[in-house]
Amino acid sequence: MRLLPLILATTTFTLLAEDHAAPAAKAKPKAAAQAHAPTPAGHGPAPAADAPDSPAAALAELGAGNARFVAGKRVRTLNPGQDAALRAALVHGQAPFAVVITCSDSRVPDALLFDQEAGRLFTIREAGNAPDLQGIASAEYAAEHLGSKVIVIMGHSSCGAVKAVREANGKALPGNLWALQAGMAGLLESTPQDPNEDAKAHLGRLEEANARRQAQAMLDRSALLRDLAAAEKLWVVPALYHLASGKVQFFKPLAVVPAPPAHH
Ligand SMILES: [Zn+2]
């Protein structure tokens, strides 16, 4: 029985080696171990040949990965032979193509729902996906030093943090939760409850508004990210993850222009 994982791993690499030689395989998303497989000449880990090289390509890969997750057809995070090879390939560096800023909610497993293995996503998680200065600094580090091409700020349906802020309605929450409220300051005022909508519908609008506002607030606070975005090297994209369907709804990348934007 102990031999089974070894056999599986060997089989995986054999298949991958054959796959690599077939040009037709290029269109398919490649599994991690293949992307980082040692070169035949033994010159160490090859660069991830399928790493997106533009903001548009990065966003497309996140969308494709999410479609695989929704369809129950994950590829990159389902390779049983990848763990050891992937660790070895990543020891000397990382080049995550995307930054994901999302909620700490345990039902939002970013790597799985985008079907991206280790080394691909640089993740910042805080309840309410409201990055503080250190969260923004983390995003700057990924974009500036690691070359990430897109930052997705992703809220989600049934967000307890947004719900708590909504229900507190300005009254201080216990403990240090005031900081969470401060991180969403202005949200309730920006998106008041419509007389015709119930609490659930209002919460849904708040979740979307929060993702959009946090994305804009991060750009407003970061000259470094603004410069990268203005140079078309980076997209900042608000998004919303729907718990029931597993789908990520992406909104338009934020426009960055030299003059202050006319609208949000
Ligand atoms: Zn949440």
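Trainee: Is His156 buried or exposed, and how many C-beta neighbours does it have inside 10 Å?

Mentor: Keep in mind that this is a predicted model. The idea is to count neighbours: a residue is called buried if 20 or more other C-beta atoms lie within 10 Å of its own. His156 has 23 C-beta neighbours inside that 10 Å, so it counts as buried.

Trainee: What is His156 in contact with, apart from its neighbours within four places in sequence?

Mentor: The list is Cys103, Asp105, Val108, Glu207, Leu240, Tyr241 and Leu243. Two of those names come back in a moment.

Trainee: Which residues does UniProt list for "binding site"?

Mentor: The unreviewed UniProt entry gives Cys103, Asp105, His156 and Cys159 under that heading. They cover 57 residues in sequence, but no two of their C-alpha atoms are more than 8.9 Å apart, so they gather at one spot. Remember that an annotation like this may be inferred rather than shown by experiment.

Trainee: Where does Cys159 lie, and what does it touch?

Mentor: Cys159 sits in the loop between S3 and H7. It is buried too, because it has 27 C-beta neighbours inside 10 Å. Not counting residues up to four places away in sequence, Cys159 touches Cys103, Asp105, Gly128 and Glu207.

Trainee: OK, on to strands. Which residues of S3 are on one side, and which are on the other?

Mentor: Here's the general idea: in a regular strand the side chains alternate between the two faces of the sheet. In S3, the strand where His156 is found, one side has Val150, Val152, Met154 and His156, while the other has Ile151, Ile153 and Gly155. Both faces are covered.

Trainee: Which strands pair with S3, and over how many bridges?

Mentor: To read pairing, look at the bridges and the direction in which the strands run. Strand S1 (residues 98-102) is joined to S3 by 5 bridges, and the two run parallel. One of the pairs is Ala98 with Val150 in S3. S3 also pairs with S4, again in the parallel sense, over 7 bridges. There, His156 has Tyr241 of S4 as its bridge partner.

Trainee: Which residues of H10 are buried, and what covers them?

Mentor: An α-helix has 3.6 residues a turn, so residues three or four places apart point the same way. Among the buried residues of H10 are Leu206, Glu207, Asn210, Gln214 and Met218. Their cover includes strand S3 (150-156), strand S4 (235-241), helix H6 (133-145) and helix H7 (160-168).

Conventions
Residues are numbered from 1 along each chain as its sequence is written. This is a predicted model: local features need pLDDT of at least 70, side-chain atom pairs count only at pLDDT 80 or more; totals for chains, interfaces and linings use all residues. A residue is buried if 20 or more other C-beta atoms lie within 10 Å of its own, exposed if 12 or fewer, and partly exposed in between; C-beta atoms are placed from the backbone. Helices (H or I, at least four residues) and strands (E, at least two) are DSSP runs, numbered from the N terminus. Two residues are in contact if their C-beta atoms, placed from the backbone, lie within 7 Å. Two strands pair if DSSP finds at least two bridges between them.
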